[in-house]
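Me: I would like to learn how to read a model of a complex. Please take me through it step by step.

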2 protein chains.
Amino acid sequence: SSKPSFSCREQILSVWKFAKEDINRVLFSLKMGFAVLLVSLLILCQAPYQVFGINIVWAILTVAIMSEYTVGATFSRGFNRAFGTIVAGILAIAIAQLALSIGRIAEPIVIGLSIFTVGAVTSFMKLLPSFVPYETGFRVILFTYCLIIVSGYRMGNPIRTAMDRLYSIAIGGIIAVAVNVFIFPIWAGEQLHKELVDNFNAVADALEECVKKYLEDDGSEHSEFSKTVLDEFPDEPAYRKCRSTLNSSAKFESLGNSAKWEPPHGRFPHFFYPWLEYVKVSAVLRYCAYEVMALHGILHSEIQAPYNLRITFQEEIQEATNDATELIRYLGKDISVG
Amino acid sequence: SSKPSFSCREQILSVWKFAKEDINRVLFSLKMGFAVLLVSLLILCQAPYQVFGINIVWAILTVAIMSEYTVGATFSRGFNRAFGTIVAGILAIAIAQLALSIGRIAEPIVIGLSIFTVGAVTSFMKLLPSFVPYETGFRVILFTYCLIIVSGYRMGNPIRTAMDRLYSIAIGGIIAVAVNVFIFPIWAGEQLHKELVDNFNAVADALEECVKKYLEDDGSEHSEFSKTVLDEFPDEPAYRKCRSTLNSSAKFESLGNSAKWEPPHGRFPHFFYPWLEYVKVSAVLRYCAYEVMALHGILHSEIQAPYNLRITFQEEIQEATNDATELIRYLGKDISVG
């Protein structure tokens, strides 16, 4: 929505600001660099290379695919990858044995049919609403199955192929998880907590902003309705503050799902911390944001209460607003320290 | 949010209903099965296997990674993969030559440093807001770079490795795109159009529902506020109808971004069709949904206008509602046929 600026200096400044805003972003990048370096050393150094051989390149792929910003998301993606690989491995070995036992001529036909079936079934399942979070898992099942059964067919030993692949992926997964957890971990739970508290404050700010504008506005400078709503409202401070809250549904759900995977940490020292309650609270808060947006809509409507009427009730309006914002801020603070 | 049902029969019925709701879902699954089968035939059949060798397994990986529901999303993902691979390939060849020219001892150090740098830079860049849509591209750059430079180091010929990888990926990409475009294509533009029209109707339905409930409610059966809002409102018809509209921001943006990649098709026979206007209209419509939700909030507030007052103004309220819903439906229809 913001216009791209082509000035090089500005670009660099904005990147710098983005990095400074949250130092975790820089730490995450350095961690990722370190993780791929670690796994590459397994090939670059002579000793581990002689043990593992060239198959270890799969570990690099795993680190690159599993790298996620938060610990919980890394665990969840790692689980998807591990589970997908194991399911695909077992399935591939079973079908490969079956195909072998049927005979040399029927073998490619059985393999081809099984590839078609696995492709169709995994693609359908990842569309099902309850399986959408496991999309990566289904992708992994599909390509691991194809790789194992096809290279097993050409190189004669599907079990060996599956095992080689499996331990490379396990090494990659362990490195990715270890770097993510033990070096400056970024917790999804912490982010979820911070995000919710910020959203409470944003809703309170937006409410204050709307009422302030309503009481200031003497109706003298109302521009044409359609133009105002379509072009200017996205830039108004009240709307801008509320916008991230209004569209936060997907973000909270993904953070909540990630946080469930995390062990107790920092100020959340209990197992089974009720992270999904945060998601529920965010839904109710979003509901408050809708009401604030309805107030914001009143600022833009053509029919307005006369200015002197508004001034007459100014005190009452202001008082109700103050009570409401105080309540919202108090609730946010309560979560923040609780 | 809905309770999981463990009855097997119900599960199968719900999957069956999901498939029947939109036959495209089944077509997509069969298409994907067909695409992986096609690419596997390159290895299973003797003739192409002798031409391409075992390196063609990378084509399978590409098909599995590129498979997306709509044509636009496939193009966009394919572009990310192609661009990422080419950037990584050029970078890897350049650094490999540099490392070779520096000498046998310094070579692994230069390679290690370059891997760390590429890992850190790509991980940072994919966090930048303006690069978030290209996340896959950065992942691809990272693992392709590592794979080429590391296997080039061990097998001696980075250019050969890069080229082998490149044509396998190209073959996989071409198969994925061809199957997606030429066999029952599912267009993101079409989905975007349909989704927007549906959202107009949903907002109109929700508005009608709210007003109907407001006029019916005689205040006799008001349960405790907190319980109602927290536990029951997600199940009310008005809220349920509106919910997908309220949370549609991310969906519209991703469909809009995908639609931009699609060639003219069906009833959108022009190049540079203004898909992003759909996204803007959806934002304004979401604004209307916020107002409907504010009305919905009134149904749940403790202080209510007396029943006989509501009945007195019933006709006017109903008339204003009818005008508003008619306008919304008319606008939706206008988009639908226009």
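**Reading the interface, the confidence and a helix pair**

Reply: Start where the chains meet. Across the interface of chain B and chain A, the rule finds two salt bridges. This is a predicted model.

Me: Which side chains meet in a salt bridge with N to O at 3.2 Å?

Reply: Those of Glu68(B) and Arg139(A). Over all chains, the count by this rule comes to 22 salt bridges.

Me: How many residues of chain B are in contact with chain A?

Reply: 67 residues of chain B touch 68 residues of chain A. Together the two chains bury about 6,100 Å², with 76% of it on carbon and sulfur atoms. Leu44(B), Arg154(B) and Tyr287(B) supply 12% of the area that chain B buries against chain A, more than any other three residues.

Me: What ipTM does the predictor give the complex?

Reply: The ipTM is 0.81, and the pTM is 0.82. Now look at confidence by residue. Where pLDDT is low, the predicted coordinates should not be read in detail. Chain A has a mean pLDDT of 85, and 92% of its residues reach 70 or more.

Me: Which element of chain A has the lowest mean pLDDT?

Reply: Helix H10(A), residues 225-232, at 55. Helix H15(A), residues 314-337, has the highest, 92.

Me: How do I describe two packed helices?

Reply: Use the angle between their axes and the distance between the axes. Take H6(A), residues 107-125, and H7(A), residues 135-155: they pack at about 170°, axes 9 Å apart. Angles over 145 degrees count as roughly antiparallel, so H6(A) is roughly antiparallel to H7(A).

Me: Which residues make the contact?

Reply: From H6(A), they include Ile111(A), Ile115(A) and Val118(A). From H7(A), they include Phe138(A), Leu142(A) and Tyr145(A). The contact residues of this pair divide into 13 nonpolar, three polar and one charged.

Me: What about a salt bridge within one helix?

Reply: Glu277(A) forms one with Lys280(A), the closest N and O atoms being 3.7 Å apart. The two are three residues apart in helix H13(A), residues 275-299, so about one helical turn separates them.

Note on methods: Residues are numbered from 1 along each chain as its sequence is written. Chains are lettered from A and ligands numbered from 1 in the order in which they are written. This is a predicted model: local features need pLDDT of at least 70, side-chain atom pairs count only at pLDDT 80 or more; totals for chains, interfaces and linings use all residues. Side-chain values use heavy atoms; hydrogens and water are left out. Axes are lines fitted to C-alpha atoms, for helices over the stretch in contact, and angles run from 0 to 180 degrees between N-to-C directions. Helices (H or I, at least four residues) and strands (E, at least two) are DSSP runs, numbered from the N terminus. Angles under 35 degrees count as roughly parallel, over 145 as roughly antiparallel, 65 to 115 as roughly perpendicular and the rest as oblique. Contact means heavy atoms within 4.5 Å. Ala, Val, Leu, Ile, Met, Phe, Trp, Tyr, Cys and Pro count as nonpolar, Asp, Glu, Lys and Arg as charged, and the others, Gly among them, as polar. pLDDT is the predictor's confidence in each residue, from 0 to 100. Buried area is the accessible area (1.4 Å probe) that two parts lose on being put together, summed over both. A salt bridge is a side-chain nitrogen of Lys or Arg within 4 Å of a carboxyl oxygen of Asp or Glu.
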